[in-house]
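Please prepare a short briefing on this model.

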Amino acid sequence: MDHATANLPSRDFEVTSIFYAKLGFERDWRDDGWMILKRDSVILEFFPHPDLNPAESWFSCCLRLDDVAAFYSVCLDAGVPEQCWGHPRAQPPQQEDGGLLIGALIDPDGTLIRLIQN
């Protein structure tokens, strides 16, 4: 099966790994220059970016999920604060004008993870 994976920055692989583990991701691969985390069929790949300023990050990706509300609950249960500022944070799913249900997760490195209902 053909597929694509997001390539995202990490200032510290250990911090990133711990954050995403709380969301149900498991480490699939890690060396000094690359890390792959998986949660069911969702795969996120990370490259080192130690000088990244989270407040200036423009990195993002979309997670297309069968149950956005359930994943959003996982984020909140993991202690990700629901707020409009800071890193990390979560913003609740809302119905967009185009009909999509979309929420957001901002990870500790300032990466925007859009949570989109399939």
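E14 is partly exposed at 37% relative accessibility (buried means under 20% relative accessible area, exposed over 50%, partly exposed in between, with a 1.4 Å probe and protein chains only). E14 forms a salt bridge with R30. This is a predicted model: local features need pLDDT of at least 70, side-chain atom pairs count only at pLDDT 80 or more, and totals for chains, interfaces and linings use all residues. Residues are numbered from 1 along each chain as its sequence is written, and side-chain values use heavy atoms, leaving out hydrogens and water.

**Salt bridges**
- The count is two salt bridges (a side-chain nitrogen of Lys or Arg within 4 Å of a carboxyl oxygen of Asp or Glu).
- In the R30 and E14 pair, the closest N and O atoms are 2.9 Å apart. R30 lies in strand β2 and E14 in helix α1, so the pair ties together parts 16 residues apart in sequence. Helices (H or I, at least four residues) and strands (E, at least two) are DSSP runs, numbered from the N terminus.
- R30 is partly exposed, at 30%.
- D109 pairs with R11, with closest N and O atoms 2.6 Å apart.
- D109 is buried at 3%, while R11 is partly exposed at 37%.

**Backbone**
- The H87 to P88 peptide bond is cis. P88 sits in the loop between α2 and β6.
- D40 has a positive phi of about 55° and is not a glycine. D40 is exposed, at 71%.

**F19**
- F19 belongs to helix α1 and is buried, at 10%.
- Beyond four places in sequence, F19 touches V80, P88, L105, D107 and P108 (contact means heavy atoms within 4.5 Å).
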